Amino acid sequence: MISSRIYLIRAVYNWLFDCNMSVFIAVNAEYEGVEVPSQHVQDGRIVLDISPEAVQDLDLAHEIITFNASFSGKRMQLMVPVMAVEAIYSAENGRGMVFGPEDPLSGELHPDPSPEAGAEV
């Protein structure tokens, strides 16, 4: 099954945009495939403003979010796998959505690999 995460990210992004809010994402910067400015990573996380005023060429694709942004006056392309997004929210009031761990193959939230749950060992 396809993960629902990108659909939820798109929906919350559109909702916040329609409410004239700034849209931020919290990203696990240690997730494989994340390309962000390392000097802005703190404790393995980075918060990015993906509002239309802050970025160019935003693409909320199925597996990866890409956009161009400036950091310390230097323009760069950022790449964030959808599964690395931990939250999307408004800077003004904190409203949005937080994502829990997800099995990327099944789209199942909080998979339980214990034998009692029927997992193969």
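Biologist: Is Asp 43 buried or exposed?
Modeller: In this predicted model, Asp 43 is found in the loop between strand S1 (23-28) and strand S2 (45-49). Exposed means over 50% relative accessible area. Asp 43 has 79% relative accessibility, so Asp 43 counts as exposed.

Biologist: What is phi of Asp 43?
Modeller: Asp 43 is a residue other than glycine, and its phi has a positive value. The phi of Asp 43 is near 55°.

Biologist: Where does Asp 57 lie, and what is its phi?
Modeller: Asp 57 lies in strand S3, which covers residues 56-60. Like any residue flagged here, Asp 57 is not glycine, yet its phi is positive. The value for Asp 57 is near 60°.

Biologist: Is Asp 57 buried or exposed?
Modeller: The cut-off for exposed is over 50% relative accessible area. Asp 57 reaches 59% relative accessibility, so Asp 57 counts as exposed.

Biologist: What share of the residues counts as buried?
Modeller: Buried means under 20% relative accessible area. The protein chain has 121 residues, and the share that counts as buried is 37%.

Biologist: How much of the accessible surface belongs to carbon and sulfur atoms?
Modeller: The accessible surface of the protein chain comes to about 7500 Å². Of this surface, the part that belongs to carbon and sulfur atoms is 52%.

Technical notes
Residues are numbered from 1 along each chain as its sequence is written. This is a predicted model: local features need pLDDT of at least 70, side-chain atom pairs count only at pLDDT 80 or more; totals for chains, interfaces and linings use all residues. Side-chain values use heavy atoms; hydrogens and water are left out. Buried means under 20% relative accessible area, exposed over 50%, partly exposed in between (1.4 Å probe, protein chains only). Accessible areas come from the Shrake-Rupley method with a 1.4 Å probe; for residues, only the protein chains shown count as cover. Helices (H or I, at least four residues) and strands (E, at least two) are DSSP runs, numbered from the N terminus.
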